[in-house]
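Subject: Structure for your review

Hello,

Here is the structure we spoke about.

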Amino acid sequence: MPLTDVLVTHLQLSKNAFSPKWSTREGVSFSHVSPAVPELNRFFYAAVGGRWFWLERRPWRLAQWAEYLGDAQKIETWILSVSGVPAGYVELDRKAPDLVEVAYLGLLQAFIGDGLGAHLLSSACKRAFELGAEAVVLNTCTLDHPKARANYEARGF
């Protein structure tokens, strides 16, 4: 890939601006991964993020994943499945008692384009507010899926 400028955008969602969108597809579920499974996060990070140039954690060893996921009160991983097949994931990071960051969120390629991204994001934000967040934050950039920012903004970010 040739060198290119990357624009990072920081977005924030408040409870009163939240506009969820749920999939009507049968068999969609959102499940908490507990206890943490470092191999699972490493898999999703590579499988989802490889296409979007997620690079920071690629060199991480399994011990680094385990350390990062070690505090279940701070980091939560959730899996979106369709008829029992894992389709995507989200990592929620409690930055403060009233602030949760959507650290990573994405779908496997086979599940992009069916509206599941809106469902995944809505589920993640709903969970963040259940954790006591007054605001949910996330970052997106020009390397992300072309419809990512529109999805975030449609949910109220």
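R25 and D114 are joined through their side chains by a salt bridge, with N to O at 3.1 Å (a salt bridge being a side-chain nitrogen of Lys or Arg within 4 Å of a carboxyl oxygen of Asp or Glu). The two residues are 89 apart and link distant parts of the chain: R25 sits in the loop between β1 (8-14) and β2, and D114 in the loop between β5 (99-107) and α3 (116-130). Helices (H or I, at least four residues) and strands (E, at least two) are DSSP runs numbered from the N terminus. R25 counts as partly exposed because its relative accessibility is 36%, and D114 counts as partly exposed at 46%. For these labels, buried means under 20% relative accessible area, exposed means over 50%, and partly exposed lies in between, with a 1.4 Å probe and protein chains only.

Before the rest, a note on the source: this is a predicted model, in which local features need pLDDT of at least 70 and side-chain atom pairs count only at pLDDT 80 or more, while totals for chains, interfaces and linings use all residues. Residues are numbered from 1 along each chain as its sequence is written, and side-chain values use heavy atoms, with hydrogens and water left out.

The structure holds ten salt bridges. Another of them is between the side chains of D93 and K74, at 2.5 Å from N to O. This pair also links distant parts of the chain, with D93 in strand β4 and K74 in the loop between α2 (62-69) and β3, 19 residues apart. D93 has a relative accessible area of 5%, so it is buried, whereas K74 is partly exposed at 32%. E101 and K95 form a salt bridge too, their closest N and O atoms lying 3.3 Å apart. E101 is buried at 15% relative accessible area, and K95 is partly exposed at 46%. Through shared partners, salt bridges connect K74, D93, K95 and E101 in one network.

On the cysteines: how many disulfides does a search of the whole structure find? The count is zero, where a disulfide is a pair of cysteine sulfur atoms within 2.5 Å. For C125, the nearest cysteine sulfur is that of C141, 18 Å away. That distance is too far for a bond, which is why C141 has none with C125, its closest cysteine by sulfur position. C125 counts as buried because its relative accessibility is 0%; C141, at 21%, counts as partly exposed.

Last, the strands around β3. Strand β3 (residues 75-82) is mostly covered, with eight of its eight residues buried. Both of its faces are covered: one side carries I75, T77, I79 and S81, the other E76, W78, L80 and V82, and all are buried.

Which strands pair with β3? Strand β2 (residues 28-32) runs antiparallel to β3 and is joined to it by five bridges; two strands pair if DSSP finds at least two bridges between them. Within that pairing, S29 stands opposite S81. Strand β4 (residues 85-96) is also antiparallel to β3, with eight bridges between the two. There, W78 has V90 of β4 as its bridge partner. β3 and β4 make a hairpin with two residues between them, and S83 in the turn has a positive phi of about 50°.

Regards
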